[in-house]
Amino acid sequence: MLAFDRVDRFTAIEALNHPFFTESKATHEITDESKRLAKEAEKIKSKEITMFDKDPSYTIPISDVKKIVGADPEQDDIRIQRHIQPPPVKIEKRIDNIDDDLIECDMCKNIQAEEQRIDFKKLTDILKTPLVGNEKEKKEIIQKQENVCKIILESLKDKENYELRRRGISFGIIEPILSIFTSCDLDSITLLYIQTFNCFTFPANNRILDRIITKNPFPGIIRLLDHKDPEIINETIACIENILSIKSQSSVEPETHPHYDLILSCNGISKIQNIFKQTKNKISKDRSAICIGLLFRGHEITDAQLKMQITTHLNLLLSSPDIQIKNRAIQALVNISQLEKVW
């Protein structure tokens, strides 16, 4: 919220939907006495009692905000974004390192060209197209949406272009993808959709992931774990791991993971545990073990046999040649062991 660049800052809607205001902790901060007084006042139909008193996670609907301010903040934000141009990059010329300067200059030009090439507003509108009609019409819609996915993947997959990710999120590219995850038939959701969503979670920084979290991604993502395609399950587990691992690194205290309750509420924890128990796919096995270890920070894994299996598997990952897997396995093991140290 304090970032100088408005592109980095949360919008008002994103801020109000942040877990700080919507998770169970927000409710726990309201005292029993306050709740009692609110209920008594409600019985006598006191006009002083509002939804803010009844529901600590209540936020003003965007429709009411538009009426109060007499404008549409979302459309204003889109118009402003269109006029924002990336600042010119100043490159020092060093005679002894001229080749490096030329490479850096080319990279800057490529990033700017990429930003100008992608029309996130148009791509978002295509992804919002409802999957209706006969089979032929549905296939045409899916093909158009997959083409959108290919454009985004070409620009973002494995590239550290945080600015382009922020712009995409600001233009609302995340919401229609999540809507597809939650509402469309699983058989109609192809690998390209989850790959596209995943390229926003990695490479990414905390600010980008915080913005994604405000979109309530877990119900849609967790639903994909029921998919028949093992590649989609692998990609989905990787996506969950990306979000969890970044958040876990922000604290060394054995407190509850900030997303534990969110994933628990959509039956995600049991689904991830079942994948670990049942899958023969190494990628899913590795990543589900890491996800469980990251999630169970400040929570006890009550199934002793499962805990032993996960701990054993995470220890095997410590010798992985993949540095990212190795580091995340270490963090997962630390989380599991912290609770034992406290007790």
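The model is predicted: local features need pLDDT of at least 70, side-chain atom pairs count only at pLDDT 80 or more, and totals for chains, interfaces and linings use all residues. Residues are numbered from 1 along each chain as its sequence is written, and side-chain values use heavy atoms, with hydrogens and water left out.

**Aromatic pairs**

Searching the whole structure turns up two aromatic pairs. Rings of Phe, Tyr and Trp (its six-membered ring) pair if their centres lie within 6.5 Å; planes under 30 degrees apart count as stacked, over 60 as edge-to-face and the rest as tilted.

| Pair | Centre to centre | Angle between planes | Class |
|---|---|---|---|
| F181 and F197 | 6.0 Å | 70° | edge-to-face |
| Y260 and F296 | 5.7 Å | 85° | edge-to-face |

F181 belongs to helix 12 (residues 174-183) and F197 to helix 13 (residues 191-201), so this pair ties together parts 16 residues apart in sequence. Helices here are DSSP runs (H or I, at least four residues), numbered from the N terminus. F181 is buried at 0% relative accessibility, and F197 is buried with a relative accessible area of 0%. Buried means under 20% relative accessible area, exposed over 50%, and partly exposed in between (1.4 Å probe, protein chains only).

Y260 counts as buried at 10% relative accessibility, and F296 does so at 5%.

**A charge over a ring**

K285 places its charged end over the ring of F276, 4.4 Å from the ring centre. For this, NZ of Lys or CZ of Arg must be within 6 Å of the ring centre and within 35 degrees of the ring normal.

**Helices 11 and 14**

Helix 11 (residues 162-170) and helix 14 (residues 206-213) have axes that come within 10 Å and cross at roughly 15°. These two helices are therefore roughly parallel (angles under 35 degrees). On the helix 11 side, Y162, R165, R166, I169 and S170 make the contact (heavy atoms within 4.5 Å); on the helix 14 side, I208, R211 and I212 do.

**A buried arginine**

Finally, take a look at R328 in helix 21 (residues 323-342). R328 is buried, at a relative accessible area of 7%. Leaving aside residues up to four places away in sequence, R328 touches F202, E241, N242, S245, R287, I290 and L294.

Conventions:
Axes fitted to C-alpha atoms, helices over the stretch in contact; angles between N-to-C directions. Parallel < 35°, antiparallel > 145°, perpendicular 65-115°, else oblique.
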